[in-house]
Amino acid sequence: MARPGSGLLVPVNGMGYPPQNLARVVVWEWLNEHGRWRPYSAAVCHHIENVMKGDARGTVVLGQVDAQLSPYVIDLQSMHQFRQDTGTMRPVQRNFYEPSSAPGKGVVWEWENDNGSWTPYDMEICVTIQNAYEKQHPWLDLTSLGFCYLIDFNSMSQTNRQSQRKRRLRRRMDLAYPLIMGSIPKSQSWPVGASSGHPCTCQQCILVNSTRAASNAILASQRRKLYGGTAGNPGAAGTLTVVRQSNTFAGTSLWSPTSTSSGTNNNNISVGGGQAKAEQVQLPVSSANFPRSPVMPSLSSAHVHHAFTINGQNNLNRPGTQRLSMGTARGAIPPGVPALPVKNLTGSGPVHPALAGMTGILMCAAGLPVCLTRAPKPILHPPPINKSDMKPVPGINGMRRKTKKKHLRRGKNPEDVVRRYTEKIKVMPDEDCTICMERLVMSSGYEGVLQHKGIKPELVGKLGKCGHMYHLLCLVAMYNNGNKDGSLQCPTCKTIYGEKTGTQPPGKMEYHVIPHCLPGYPDSKTIRIVYDIPAGIQTNEHPNPGKKFSARGFPRHCYLPDNEKGRKVLKLLIMAWDRRLIFTIGTSSTTGESDTVVWNEIHHKTEFGSNLTGHGYPDPNYLDNVLTELSAQGVGEDNLKD
């Protein structure tokens with residue numbers, strides 16, 4: 001499919017770069033974990049370009065233009081985006097498009113995600129869609145770009161060819177991306193050297209500058225290898241192997257596989273670091289495409305071993321190599337090279353990954369071999385299990401529980417609930433009511449705000465179990481602000497009176513025994529719990545009645561050892577499920593998404609065979625801890641029937 005103005009820059013003058021005197025639209029992009037280049041917004045790109053004009057080797061603080069990007073900075077020297085709270089680094093690139101293309105006109109194409117919000121397409125796809133739209137094509141097939149989607153401009157929808165699922169799409173106008181004139185740089189390989197001025201001494205700048213200094217040392221070392229040890233035949237043809245990484249420090253080569261000349265004069269060029277996952281592309285290398293020059297010396301040699309590496313900031317952002325179809329391959333780590341994980345390090349401090357990454361860079365700069373790798377992935381699920389191997393849990397009837405709307409309890413009369421769990425006090429002590437913060441000898445702070453027959457503002461009651469005293473009108477106000485399920489909870493000691501219920505949306509809970517052991521419990525089988533809650537509409541008991549709520553990550557699988565204490569925990573979890581206490585609707589502490597189903601302060605183990613995230617085994621204290629959490633929700637061992 002022809003895609004004029006798509007951002008694919010064809011080779012000119014033997015190199016993959018545009019003529020040097022044309023106007024171009026600049027789009028800055030970052031490489032995500034799936035190997036896709038994602039564009040920054042036009043406002044962010046303008047900000048980056050403005051910083052570049054002042055200091056082409058400086059640091060761009062993205063939070064200055066977009067509050068959602070406050071953890072991120074871009075180091076223009078190494079062409080990496082750095083996340084300050086986790087230490088994660090991702091390659092960035094400065095890409096160029098025609099002024100008449102979508103970014104030059106400020107056109108943004110977006111698709112509607114599961115949350116009901118809009119996600120912009122990759123810039124390459126956005127340009128292609130806009131081009132077809134301007135030519136008044138009724139539809140557009142994205143198969144040629146590697147996506148099995150069909151765009152229908154009449155219905156403004158995107159259809160998945162495999163699942164036939166449709167999503168809405170939209171075209172909106174935004175700020176146009178920055179336009180540059182004159183000479184366009186062949187690459188963003190900035191010169192190595194110190195910037196002018198006195199460095200800032202804040203922790204953020206110290207961390208960024210130390211990373212930049214380490215990167216500079218590596219660049220200098222690699223250039224010495226590049227220009228000092230390559231010689232060859234200018235007419236030789238070979239194969240260019242481009243390896244694009246998706247590591248935390250992807251784009252910076254920490255080791256270079258050796259390239260030797262064979263009978264067919266093939267040469268290998270490694271781009272990126274030594275990481276277990278790599279993406280490879282093979283391109284023909286000839287004197288027509290890459291003439292011999294100081295920028296790209298010939299790589300063929302009959303007797304010399306090359307350690308030729310093109311760094312991420314020199315190659316990943318080159319227009320000649322960025323629109324390539326990637327095939328997944330696995331790169332090997334050279335023998336004897338220590339692997340330095342940069343994720344899930346022992347310890348709780350978020351700076352650890354950053355320190356690990358900088359340690360690896362400094363070791364490499366000093367000539368020590370090191371390879372930054374990803375830590376082992378958590379083992380979330382057991383091996384495949386036949387349905388016939390799933391057995392009921394001993395001592396527990398059935399294997400499934402459901403919660404439906406008909407199970408929701410109606411509110412009870414507030415005055416009756418308060419009177420049920422309190423007794424009136426005739427002589428009030430000289431202390432505060434911790435609900436309204438007025439003295440108990442005075443009237444309730446809710447006087448004039450709430451009026452209930454039979455409960456006067458000056459009446460004081462004492463809770464039966466814990467003995468704490470409050471204005472009765474304050475207790476009524478507290479009950480009205482809660483779930484209104486017929487229970488009370490002392491605001492001082494959290495003692496629960498009655499049966500506390502939650503606001504968990506409808507769903508189902510399954511539980512059974514599987515023939516596998518958890519780490520730390522070699523003599524016990526495993527109880528697997530499966531929670532499944534679909535998305536839906538919030539009701540009056542939820543934060544935003546009438547609004548949709550999402551349900552991410554379902555079905556969720558959780559695990560308990562099949563022993564006496566594990567079965568006791570399961571019985572209490574079933575009781576908590578029936579009382580709708582396992583989940584609630586709120587804001588996810590992991591993703592920050594609001595109006596979504598989240599855990600409700602009762603921890604579960606979701607890793608089956610590891611404990612890399614803290615949600616797995618072995619954990620000798622977990623069963624006791626979860627019993628304490630259940631008791632805090634009013635689901636204690638005293639609730640179990642013998």
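Student: How many helices and strands are in the chain?
Tutor: The chain has ten helices and 31 strands. This is a predicted model, and of its 642 residues, 45% count as buried.

Student: And what share of contacts join residues at least 24 apart?
Tutor: Among contacts between residues at least 6 apart in sequence, the share is 67%.

Student: Core next. Which residues of the largest nonpolar core touch the most other members?
Tutor: That core has 40 residues, and the ones touching the most other members are Met 509, Ile 529, Tyr 531, Leu 560, Leu 570 and Leu 573. Two or more residues each come from strands E25 (507-514), E26 (526-532), E29 (556-561) and E30, and from helices H9 (564-578) and H10 (622-632).

Student: Which element gives the most?
Tutor: H9, with eight residues. Take Leu 570: leaving aside neighbours within four places in sequence, Leu 570 is in contact with Val 393, Ile 396, Met 509, Tyr 511, Ile 527, Ile 529 and Leu 560. Another core, of 38 residues, lies apart from this one and includes Tyr 97, Ala 102, Met 123 and Val 127.

Student: At what angle do H9 and H10 pack?
Tutor: About 25°, with the axes 10 Å apart. The angle is under 35 degrees, so H9 is roughly parallel to H10. The crossing of the two is left-handed.

Student: Which residues of H9 and H10 meet there?
Tutor: From H9 come Lys 565, Gly 566, Lys 568, Val 569, Leu 572, Leu 573 and Ala 576. They meet Leu 623, Asp 624, Val 626, Leu 627 and Leu 630 in H10.

Student: What about H7 and H8, at what angle do they cross?
Tutor: Roughly 120°, and their axes come within 9 Å. That makes H7 oblique to H8. H7 passes H8 in a right-handed crossing. Pro 414, Val 417 and Val 418 of H7 meet Leu 472, Leu 475, Val 476, Tyr 479 and Asn 480 of H8.

Student: How many residues of H8 are buried?
Tutor: Seven of the nine in H8 (residues 472-480), which is mostly covered. The buried ones are Leu 472, Leu 473, Cys 474, Leu 475, Val 476, Ala 477 and Tyr 479.

Student: What covers them?
Tutor: The cover includes helix H7 (414-421) and strands E20 (422-424), E21 (460-463), E22 (469-471) and E23 (488-489).

Student: What does the side chain of Asp 595 make a polar contact with?
Tutor: The side chain of Asn 544, at 2.7 Å. Beyond four places in sequence, Asp 595 also touches other residues, including Lys 547, Lys 548, Phe 549 and Ile 585.

Methods:
Residues numbered from 1 in each chain as written. Predicted model: local features only at pLDDT ≥ 70, side-chain atom pairs only at ≥ 80, totals over all residues. Heavy atoms only, no water. Polar contact = N/O pair within 3.5 Å; in protein donor to acceptor, adjacent residues only side chain to side chain. Contact = heavy atoms within 4.5 Å. Buried < 20%, exposed > 50% of the residue type's maximum accessible area, 1.4 Å probe, protein only. Helix = DSSP H or I, 4+ residues; strand = E, 2+ residues; numbered from the N terminus. Core = buried A, V, L, I, M, F, W, Y, C linked by side-chain atoms within 4.5 Å. Axes fitted to C-alpha atoms, helices over the stretch in contact; angles between N-to-C directions. Parallel < 35°, antiparallel > 145°, perpendicular 65-115°, else oblique. Left-handed = near helix turned anticlockwise from the far one by under 90°.
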